[in-house]
Amino acid sequence: MVRFRWLVLTAAAVLVVVGAAWGTGVFGALTGGGFEDPKAESTQFRERTIAELGNQDVDVLVLYSNPTAVVDDPAFRDPVTATLAKVRALPEVASVVSFYDAQATALVSNDRHATYAMVQLKALDPDAKSSAYEAIEPTLTAPGITTRTGGTIPFLHEANTQTSADLARAETFSLPVLLVLLVLIFGGLAAAATPLMIGGIAILGSLVVVRLLNMVTDVSVFAVNIITLIGLGMAVDYALFIVSRFREELAGGHAPPAAIARTMATAGRTVLVSGLTIALALASLLIFPQTFLRSMGFGGLAAVLVAMLAALTALPALLAVLGHRINALRIPLPWRRGRERTTGDGAWARIARSVMRRPIVYAAGVIVILAVLASPVLRIGFGGFDERVLPPGAEPRAVSDAISADFPGGTIGPVEVLVSGGGQAGAQQFASTIGSLPDVTGVQVTAARGETSLLTVTYHGESTGDAAQQVVRAIRDLPAPAGSDVLVGGRTAADLDLIDSLISHLPWMALIMAAATLILLFLAFGSIVLPIKAVLMNLVSIGASFGVVVWVFQDGHFADFLGFTPTGFIEPSNPILMLAVLFGLATDYEVFLLSRVREEWDRTGDNTASVATGLQHTGRIITAAALLLIVVVAGFASGGIAFIKLIGVGMIVAIIVDATLVRLLLVPATMRLLGRWNWWAPGPLGAVYRRFGIRELEPGPDTAVKEDALAGRGRSG
């Protein structure tokens, strides 16, 4: 890397230019939606409905209200009917249904001061629908009448707009704070700038990769969300680790070329193992059939791998150019004058030795704390997301709340039933059967053609509520009319199908993550004990995070402070995404710590001293990396969308728990209890490690590796 430093830096600069000029065009090329399972009943319902009856989607609900006039008054009726006539004439609109057309009382509020119209767009694709909505939205306003828009397309449009604004605010907030913190951590501007440089390469390079992927497969806009989070977070982590080791080698008297070689043979190897482990954890998202989850996997994979490659190529090339100037532009910080030693007898080492003197007490105490934090997971409930994820002032949410509270139908997301075959009489009879079910408030035949009929079923409450779910399940349990096929769709049915699909794929996701972690950590550390322990450590820290998420977002604690509306359940894709991201991040910190411990174990064969020295070398770096990642995630936690806020809060809790209770206390305690068994592997596997293991060796004549330690026969501490 030293020899080809200018070539590597030129290639990195070209990638940045291409990313800025072409990669950023991905924002207009990605798709929206993608929450459905292609094999789910609700998906088949929509496909069959379009094929047999044509498009029946109600895309936009337009709520008109006037506190001083009722819907029959000319002052209310005339401007609304004139406006809807103009809307019908728009090329994007397929149909408009209002109270004034059919005198449908369900479209008028109980106090008759409000009514809503149902607008169907010609487009079928979610992205085309969103564009059509943007085009017709100015025309929907009736003069002198309060006008608000809601329904599926305005809801998704508002959610995407709010998410984009949250991301922009998060980046605006995090980058200056990151720079300040990096200056405080490194004590100089030159070193502090390097992680942000790698972060920029990671983000822009990932956008290029995702745009290339979008040419061969559908990629959702959600991929961009995870690119910003993971790309910047991992780039800062990796650059912090490598630059810290490089400066340590320089301080040890090594010339820059030798310092780079030693850094890449140790810290570089750690970054490689960490990046591959996190990438494989995120790759587990690719097994899900939902486009939005697979897109998160694509985005996460791109972000981690580009960040890793940038840290292993562009960063050492830059260090080769800078040399000792990495310490340039120092900031005189008083607490850095008595810089903490990294020889095994500093503050972090003293903490580790204190823990290892009473390992059972510390381990038991931490496990009790983590169990208490994780206990709310036992009552977790799942449900789909609705307009309540938006801020209270958002129009789609206001429309949903008004229709649910003030209109006789009571819902904007009716259950829909497609009855194919059996004739109109069979459909009418089936509608009567549905009408007798508990929680059903009404059933109407809203479309019919030949032997096919579409039934619309209303109920009280939200589309994500228990009543709606019970209605869907009850209809699906009914026997179909003779000679007919019945499919149940709508928002509630899609939510239930999503939950079933995610749960059925979750075991395979967990198997992929666990297997990848076990194999890679075995190749990294030559032990079968440490990988198993790492998986268990990851689960306890993630469990604590999930428990806090349930306690806060499902139960509603701190709802006013955090600015969200509790729904009494968790949208199931959120914990799955959190599981993939947090499992990778927890492994990241584990690899950082155990790599240095393994290095000391290979050098000394003393378990206790290795743990203490390893924590002394990495404790400050892990703490700094955790703090920096919290800053990146904090922007998400402060956003306006509830599920983005949930992911942000969950990640912050997991990072804090993992960097303190787990890595600082639980890991040293368990490693002291296991002693030399930390490094044990059966004979055949030991041979595999000695031949194929990714061992962390320092180059040069001063490298001493004990063969008995490599074979797992070292001394216990």
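A charge sits over a ring if NZ of Lys or CZ of Arg is within 6 Å of the ring centre and within 35 degrees of the ring normal. The views below come from a predicted model, in which local features need pLDDT of at least 70, side-chain atom pairs count only at pLDDT 80 or more, and totals for chains, interfaces and linings use all residues. Residues are numbered from 1 along each chain as its sequence is written, and side-chain values use heavy atoms, with hydrogens and water left out.

**View 1. Arg676 and the ring of Trp677.** The charged end of Arg676 sits over the ring of Trp677, at 5.0 Å from the ring centre.

**View 2. Helices α7 and α8.** Helix α7 (residues 189-214) and helix α8 (residues 222-251) have axes that come within 8 Å and cross at roughly 145°; axes are lines fitted to C-alpha atoms, for helices over the stretch in contact, and angles run from 0 to 180 degrees between N-to-C directions. Helices (H or I, at least four residues) are DSSP runs, numbered from the N terminus. The contact (heavy atoms within 4.5 Å) involves residues of α7 including Ala191, Ile198 and Val210, and residues of α8 including Ala223, Leu232 and Arg247. By class, this contact of α7 with α8 has 15 nonpolar, four polar and one charged residue, where Ala, Val, Leu, Ile, Met, Phe, Trp, Tyr, Cys and Pro count as nonpolar, Asp, Glu, Lys and Arg as charged, and the others, Gly among them, as polar.

**View 3. Helices α8 and α10.** α8 packs with helix α10 (residues 291-312) at an angle of about 25°, their axes being 8 Å apart. The two helices α8 and α10 are therefore roughly parallel to each other, a term for angles under 35 degrees, whereas angles over 145 count as roughly antiparallel, 65 to 115 as roughly perpendicular and the rest as oblique. Among the residues in contact are Phe222, Ile230 and Tyr238 of α8, together with Phe292, Gly299 and Met308 of α10. The residues of this contact of α8 with α10 divide into 17 nonpolar, four polar and no charged.

**View 4. Helices α17 and α18.** Helix α17 (residues 491-525) packs against helix α18 (residues 529-554) at about 140°, with axes 8 Å apart, and α17 and α18 are therefore oblique to each other. Residues of α17 including Leu518 and Phe522 meet residues of α18 including Pro531 and Val535.
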